[in-house]
Amino acid sequence: MSEKILEIRNLHVTFETPSGPLEAVRGVDLDVSAGELLGVVGESGSGKSVTFLATMGLLPTRAKVTGSVLLAGEQLIGASPKQLRSVRGRLLSMIFQDPLSALNPVHRIGNQIAEMLQSHQALTNREAQTRAVELLDIVGIPQPTDRSQQFPHEFSGGMRQRVVIAIAIANNPKVLIADEPTTALDVTVQAQILEVIERVQERFGTAVVLITHDLGVIARVADRVNVMYAGRNVEQGTIDSLFDHPSHPYTRGLLASLPRPGMQRLKPITGFPPNMLNPPKGCAFHTRCEYAAEVCKLDLPELQTFGDLQTACVRAKELPRAEVLS
Amino acid sequence: MFRYILRRLAWSIPTLLLVTFLVYLALRIGTDPVQSYRRVNPRASRAKIQQYIDVNGLDPNFVKGYFTWLKNFLTGEWPPSIKGRREVWPALKDAMANTLRLGSAATVVGIVIGLFAGVLAALRPGGRRDVFINTSAFVGISVPPFISAILLQLLFAVYWQKWFGASLFPTSGVYPAGHTGFDLFLMLKFMALPTLVVAIQIIATYSRYMRSSLLDVLNSDYMRTARSKGISERRVLIKHGMRNALIPVVTIAALDVGSIVGGLIITENIFSYPGMGLYFLKSFGEGDFPLLMPWMVVIVASVLFFNLIADISYAWLDPRIRLE
Amino acid sequence: MAFRRFVSHKAAVGSCFVIATLALFVVLAPFTARYGVNQSVQAPPNSFLSPRGNAWLGTDDIGRDLYSRLIYGVRVSLLIGLASALISVTLGALIGAIAGFRGGKFDDIMMRVTDLFLAFPFLVTLLVVRNVLGALPWMKPITGEMNSVRFIIVLFGIFGWMGVARIVRGQVLSLKEREFVEAARAVGASRRYIIARHLLPNSVGPIMVALTFSVVGAIISESTLAFFGYGPQAGDGATSLGILVGQAKGAVQTGFWWLAVFPCLALIVIALSINFIGDALRDATDPRLDRGA
Ligand SMILES: Nc1ncnc2c1ncn2[C@@H]1O[C@H](COP(=O)(O)OP(=O)(O)OP(=O)(O)O)[C@@H](O)[C@H]1O
Ligand code: SF4
Ligand SMILES: [Mg+2]
């Protein structure tokens with residue numbers, strides 16, 4: 001294991017809503033090592049985006065954030081806005097879900113990249129523009145010099161996502177968070193964007209956090225996986241161990257619902273994600289878990305190490321070993 | 001861009017012709033100019049009446065009449081007013097100058113304050129400041145200008161004097177009776193109340209536009225991208241927020257000339273301010289066709305002009321718009 | 001959901017009470033008014049009474065009780081507002097729905113016409129259209145005399161459709177793209193059926209909002225017209241908010257403040273209340289707000 005670059009400990013995020021406080025993140029622990037590609041999966045609403053928006057300090061002010069986020073040893077929770085600004089875009093960048101609306105429609109592409117560069121490096125406009133063109137080239141945009149003078153509406157969705165990536169990696173950050181970077185794109189473009197991200201990771205040694213719904217993508221590109229459910233991480237480990245012998249019932253369900261050659265019927269997890277305004281007591285998954293027992297309703301299960309996996313399930317030890325998949 | 005403007009200007013000529021023809025029709029039907037002339041000049045001879053008909057293009061055949069009017073209008077042969085005494089152009093010119101002064105003062109004051117208030121409100125939606133600005137703006141757009149004009153007049157014309165002995169702002173005209181020459185301070189004093197009345201409307205309208213436009217922008221994804229770059233909040237707001245928020249506002253602003261002129265007409269009338277509004281209401285009341293038509297041409301032309309300005313500024317602010 | 005949101009708008013709920021109370025007062029005018037609409041409380045020469053026991057809001061130039069006249073005036077104004085708003089909203093909804101649904105030439109022309117009218121100073125258009133309408137002999141049977149209340153209602157009715165038509169057209173254009181309309185079209189439903197069964201019901205929210213704003217618009221327009229002497233005539237002592245506000249102009253110079261203040265206040269209260277209701281209705285029926293908190 002190489003050095004840990006990002007350490008999230010006991011992160012809680014609560015939104016004040018008209019229907020009462022909503023705890024979207026309920027004690028997440030998560031590590032990212034330098035240069036690795038960590039996949040984060042979970043159903044919609046499980047708190048993936050909120051976790052990393054909190055890390056970036058980009059949540060609206062009405063969100064209450066507690067816990068600890070250490071980035072290269074620097075505490076981000078409770079840091080001054082100025083301190084956060086100096087981290088954002090320099091050490092830590094984020095790519096957002098929808099490339100179509102992530103770029104400002106009234107500014108030229110080159111200027112939007114240059115702005116990122118100049119906010120953390122002392123560059124002249126000319127230098128910044130030159131560098132912006134190089135970055136466009138790196139993310140695979142043809143004729144980058146001409147393209148940098150164009151506006152976002154002149155780019156296709158996939159091209160715009162490349163631009164967003166170019167902005168995110170402009171200052172060679174230590175950690176790049178990609179929040180479902182391909183969801184809004186069509187399949188062939190998705191593969192290309194993933195390639196760009198992998199290339200960046202390899203070439204610059206950037207640690208990448210890839211948030212996605214798609215376990216197939218994770219299996220292909222990630223080193224480690226973190227599974228989230230109802231605002232907590234319920235299982236994490238290396239890609240091989242997790243896919244070989246998942247131990248948390250939710251992870252097993254996710255894997256069982258993956259389409260696989262030779263298997264006709266998918267087995268989706270039954271039931272619905274919990275209402276986060278009023279989550280179930282104890283293990284939040286007990287409403288849908290086929291192994292649920294009375295003990296599951298008592299306390300929130302903590303992550304425990306089982307071999308090379310960490311699992312938050314009180315019955316993990318008693319459960320039958322998952323049949324080897326794939 | 002330049003070619004686009006030229007083409008638009010070229011297009012505005014047929015539009016002007018069509019609209020002035022419609023206006024001509026409406027005035028012919030609605031005010032019956034010949035009848036009005038007879039009413040105002042009961043002792044006019046038959047020949048006099050015929051002459052009035054000829055110079056004004058009041059032929060019973062509307063189309064023929066319109067073209068007569070048009071020819072006289074374009075060649076500068078503007079017939080005198082219905083009473084036959086006033087030259088139209090000097091009157092129209094003065095009215096235009098006065099209204100331009102009042103209108104631009106009110107517009108500048110109104111838009112600057114309105115936009116500023118809108119930004120303040122949008123920055124903390126739901127906060128006390130927002131509620132205050134938004135509610136005031138709501139009251140502002142609900143109260144028609146003649147009501148605020150009357151109430152202000154009552155306060156300043158009658159009661160201020162009663163309570164404090166001296167009147168603070170005069171409530172009618174541009175200068176006191178008998179004043180000659182130019183006096184900026186005196187003029188500003190006379191313009192204060194009418195400007196306020198028109199500006200209230202503009203402030204109310206624009207603070208609402210700006211608020212909702214900026215709120216939309218603040219919630220947009222590119223603002224989050226901008227923040228994730230680690231640039232200062234002020235830069236995020238000005239560089240990324242403002243320009244986008246202004247796009248819809250600018251467009252509406254240039255199209256709003258109609259309603260601003262509407263407010264001016266009412267306000268001028270109440271404060272006896274000798275501008276386009278007073279001019280219109282007087283000549284409309286008397287069915288003064290020779291005064292009315294040029295007035296209408298000016299209004300139609302300025303509506304077209306500001307429409308063009310709206311489109312140009314829209315394209316200038318928003319690269320997604322192509323002027324072709 | 002929509003109802004809950006409306007009720008959570010406190011100003012709107014208050015406004016509903018205000019309007020309901022006003023409506024009750026004017027419907028029961030014979031009981032709530034203290035004097036007849038044309039009845040003198042005080043004979044000349046001292047006809048201007050300031051507010052006092054036997055004339056709560058004072059009296060006017062010929063000694064009539066302002067309070068009673070306000071009740072009758074508001075009655076006429078509300079009638080004008082409601083009736084003309086109903087006409088213009090019906091017209092506007094129909095024209096807007098057809099324009100939005102058919103598109104093409106009809107749509108183009110309609111939108112051009114409304115553009116033109118909306119770009120012009122409102123008061124000017126209103127005055128000119130008023131005169132034209134009054135001069136058309138074949139409209140006489142519908143409009144009646146030019147200074148009658150009926151004329152004003154018809155005038156505002158045919159004048160006010162444009163704003164509504166734009167709203168409904170926009171609504172229709174966006175609804176047109178939604179699945180259920182596509183589906184209906186795919187099954188071969190006729191255009192008329194689709195308009196009646198799908199588009200209009202789904203536009204109810206915006207139409208209601210347009211209706212409330214039309215009511216205010218008509219009441220204010222009536223006052224404006226009357227203020228400049230083009231409103232319904234005050235003959236027989238009949239009155240309207242506009243006529244009463246019109247008297248205010250004279251009152252300013254003479255210092256009979258109550259003649260200016262009370263009618264103006266009444267107009268402000270009515271306009272503000274109905275606007276609040278419209279605003280809350282708009283928020284409550286705006287589907288975009290279903291997402292956010
Ligand atoms: N600004 C906010 N205000 C209130 N609640 C919020 C806000 N943002 C997110 N939430 C709530 O927090 C919870 C977690 O949301 P989050 O966006 O992190 O989910 P996610 O795992 O990223 O889902 P998806 O896969 O759909 O992106 C959800 O219940 C959501 O409703
Ligand atoms: S703790 Fe219980 S309910 Fe939760 S996953 Fe484990 S077995 Fe299922
Ligand atoms: Mg998300």
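Reader: Let's start with the two chains. How many residue pairs are in polar contact between chain B and chain A?

Author: One thing first: this is a predicted model. A polar contact is a pair of N or O atoms within 3.5 Å. Between chain B and chain A, the count is 14 residue pairs, with both residues at pLDDT 80 or more.

Reader: Okay. And how many salt bridges are there between chain B and chain A?

Author: For these you look for a side-chain nitrogen of Lys or Arg within 4 Å of a carboxyl oxygen of Asp or Glu. Here the count is two. One of them joins B:Arg235 to A:Glu115, and their closest N and O atoms are 2.8 Å apart.

Reader: Which elements of chain B each supply at least two residues of the side that touches chain A?

Author: Look for α9 (221–228) and α10 (233–255) of chain B. Of the elements, α10(B) gives the most, with seven residues. If you sort that side of chain B by class, you get five nonpolar, six polar and nine charged residues.

Reader: So how do I put a size on where they meet? What area is buried between chain B and chain A?

Author: The size of an interface is often given as the accessible area lost when the parts come together. For chain B and chain A that comes to about 2,100 Å², and carbon and sulfur atoms give 57% of it. Counted by residues, 20 of chain B are in contact with 24 of chain A.

Reader: Now the ligand. How many residues surround ligand 1, and which are the closest?

Author: Picture a shell of residues around the molecule. For ligand 1 there are 14 of them, and the closest are A:Ser44, A:Gly45, A:Lys48, A:Ser49 and A:His213. By class, the shell has four nonpolar, six polar and four charged residues.

Reader: How much of the accessible area of ligand 1 does the protein cover?

Author: Start from what the ligand has on its own, 630 Å²; the protein covers 71% of that.

Reader: And which elements give two or more residues to the shell around ligand 1?

Author: Those are β2 (20–33) and α1 (48–56) of chain A. The largest share is three residues, and it comes from α1(A).

How values were computed:
Residues are numbered from 1 along each chain as its sequence is written. Chains are lettered from A and ligands numbered from 1 in the order in which they are written. This is a predicted model: local features need pLDDT of at least 70, side-chain atom pairs count only at pLDDT 80 or more; totals for chains, interfaces and linings use all residues. Side-chain values use heavy atoms; hydrogens and water are left out. A residue is near a molecule or strand if one of its heavy atoms lies within 4 Å of it. Accessible areas come from the Shrake-Rupley method with a 1.4 Å probe; for residues, only the protein chains shown count as cover. Helices (H or I, at least four residues) and strands (E, at least two) are DSSP runs, numbered from the N terminus. Ala, Val, Leu, Ile, Met, Phe, Trp, Tyr, Cys and Pro count as nonpolar, Asp, Glu, Lys and Arg as charged, and the others, Gly among them, as polar. Contact means heavy atoms within 4.5 Å. Buried area is the accessible area (1.4 Å probe) that two parts lose on being put together, summed over both. A polar contact is a pair of N or O atoms within 3.5 Å; within protein, one must be able to donate a hydrogen and the other to accept it, and residues adjacent in sequence count only if both atoms are side-chain atoms.
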